[in-house]
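Here's a friendly walk through a protein model, taken one region at a time. Have a look at the picture, then read on.

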Amino acid sequence: MVSSTREVDPQSLPAVQLHVIDHPDGQGPALISRSTAAQLGIADGSSRGFLTLASGSDCVLATAVVQDGRVAHGQVAVTAVQQFNLHLGAGISDDFRVFVPPAGEPFELVDVEGEVSQLGKSEEAVDARALTRELLRLHFGLVLALNEACVLEVGARQLLLRITATNTLDAEAQEEAVAYHCYRASAAESLPQSMATVRGSVVLQNARQRPASGPSLSSVRVLTNDGEWFPVKRALLRPCIALTKAVRSEGESVPEVAVDVDTLIFDRVLIFLEALALGRKPPAFGLHLCSQLLAAAQHLGLRALEEYCQERLGECKDRLRFFSFEEVKRLNAAGGCWLILDGMVLDVTRWLPEHPGGSTIIPRQALNLDCSRFFELYHASRESFVYIRQFYHGEIAPEDVDLVPAPEEPASPEFLQQLREFTPWRLQPEVASHLGSRQAAEKA
Ligand code: HEM
């Protein structure tokens, strides 16, 4: 049985190029040789595993390790249905790796729906429970992919069962299971309640019929401002309080909501929401994205993302303060790289090796003076503005502003205006006097 607790990073397992051949039996799990299994990292002696395409696919191959020469080393024998699901035909090679369910995601094993048709001639009714018992006997613990077909012998009858649906959780459970993917179904204990539809002359008793399916109401259709749309699970969108109405709406059709966020940013919002829902740490989004993500978070009312971006952008109010010019010089003399830009005090010490203009020019030219003019001269784009907030620690104290040397040629008024428009979050001088009086009071 695949377990949800294995903390293996699938990316760390070796990908191996395998040559697809037709399955010698035409049905059953995919077959690989023992040496191929060893190469893939399937534990020695294990008779089965799960494979998926290294490039990612929504089909997981239940795989048996065989020693009887039906497959050679480097080959994988797959049935026609599996080839169809993988979009791979016999004679084609592709990279495969062992499938391990992502850690932390739910990997519940649920019942499946199937379509049963007759292979033999008998007219006898078939008990759905006997049919599922047979399915369990053959496939217990194996992932059943959508469209997979298997021949089952129930009593004297030969039946063809084709998997027509997986993840038959009820709507409420589905809503809670945010990261629930289509391949996550397996023949498990719950199967005796599996639902089945019937074709041909089969009379199936004790089967639960599939309810008439309408549109999946567990999603909201989110339209981005550049014309894309995303079907997003309601549960995922719940933290976006500006979308509450759409998330809570009831009705016969999937609710739609337009957001003033483009596809690129909304995609990242979704990554953040998924991490939030699964209790994982969100990825460290690039700083250049954070201001757009922050705007998106404010638009969506997504407080957690707002805080996350503010933190990344360095808007940690408690950290901000006023510096004397002497203090900045001392910090630089001690090996730091603290810049004064239009009065802002920026600590770029740790970031210096990452500076696109190199790590030497700033310490050589721009320390202990107002570097606005250099900033204007060297940065053609306004990309560099985006980073400022991350480095911002405060301001030169108002009484020290005139002590900071300026280069002979000052920065242009246009540049300074742009810079100030981009940095509305700067500490204001009135805060300095307030802090000054508080510090004086504290000293007293
Ligand atoms: C917070 C401070 C700074 C940040 C965030 C920053 C950021 C950047 C960025 C993003 C670029 C590449 C893109 C662009 O052209 O805008 C760049 C290039 C450059 N920066 Fe900076 N920079 C900073 C300070 C400085 C200072 C003080 C100097 C000079 C004394 C400087 C000199 C350069 C040079 C020479 C380049 C290469 C320009 C080119 O290849 O055309 N930078 N910087």
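## Around the ligand

Which helices each supply at least two residues of the shell around the ligand? They are helix 11 (361-365), helix 12 (372-378) and helix 13 (383-391). Helices here are DSSP runs of H or I with at least four residues, strands are runs of E with at least two, and both are numbered from the N terminus. Helix 13 gives the largest share of the shell, five residues.

Before going further, a word on what you're looking at: this is a predicted model, where local features need pLDDT of at least 70, side-chain atom pairs count only at pLDDT 80 or more, and totals for chains, interfaces and linings use all residues. Residues are numbered from 1 along each chain as its sequence is written.

Back to the ligand: 22 residues surround it, and the closest are Pro356, Gly357, Tyr378, Ser384 and Tyr387. Sorted by class, the shell has 15 nonpolar, six polar and one charged residues (Ala, Val, Leu, Ile, Met, Phe, Trp, Tyr, Cys and Pro count as nonpolar, Asp, Glu, Lys and Arg as charged, and the others, Gly among them, as polar).

Next up is an open sheet of four strands in the order 16-19-18-17, with mixed pairing. Two strands pair if DSSP finds at least two bridges between them. At the edges sit strand 16 (321-323) and strand 17 (338-341), each pairing on one side only. From one strand to the next, the twist averages 40° (axes are lines fitted to C-alpha atoms, for helices over the stretch in contact, and angles run from 0 to 180 degrees between N-to-C directions).

Helix 10 (residues 325-333) packs on this sheet and touches strand 16, strand 17, strand 18 and strand 19; contact means C-beta atoms, placed from the backbone, within 7 Å. The direction of helix 10 makes about 145° with that of strand 17. As for strand 18 (residues 344-347) and strand 19 (residues 392-396), they're antiparallel and share three bridges. Valine 345 has glycine 394, in strand 19, as its bridge partner.

Strand 13 (residues 219-223) pairs antiparallel with strand 14 (residues 229-233) over five bridges, and valine 220 is partnered with valine 232. Five residues lie between the two strands of this hairpin, where glycine 227 takes a positive phi near 90°. With strand 15 (residues 256-258), strand 13 runs parallel, joined by three bridges. A residue is buried if 20 or more other C-beta atoms lie within 10 Å of its own, exposed if 12 or fewer, and partly exposed in between, with C-beta atoms placed from the backbone.

## The nonpolar cores

The largest nonpolar core has 26 residues, and Val269, Leu293 and Ala296 are among those with the most contacts inside it. Such a core is a set of buried Ala, Val, Leu, Ile, Met, Phe, Trp, Tyr and Cys residues joined through C-beta atoms within 7 Å. Its largest share, six residues, comes from helix 8.

Definitions and conventions:
A residue is near a molecule or strand if its C-beta atom, placed from the backbone, lies within 6 Å of it. Two residues are in contact if their C-beta atoms, placed from the backbone, lie within 7 Å.
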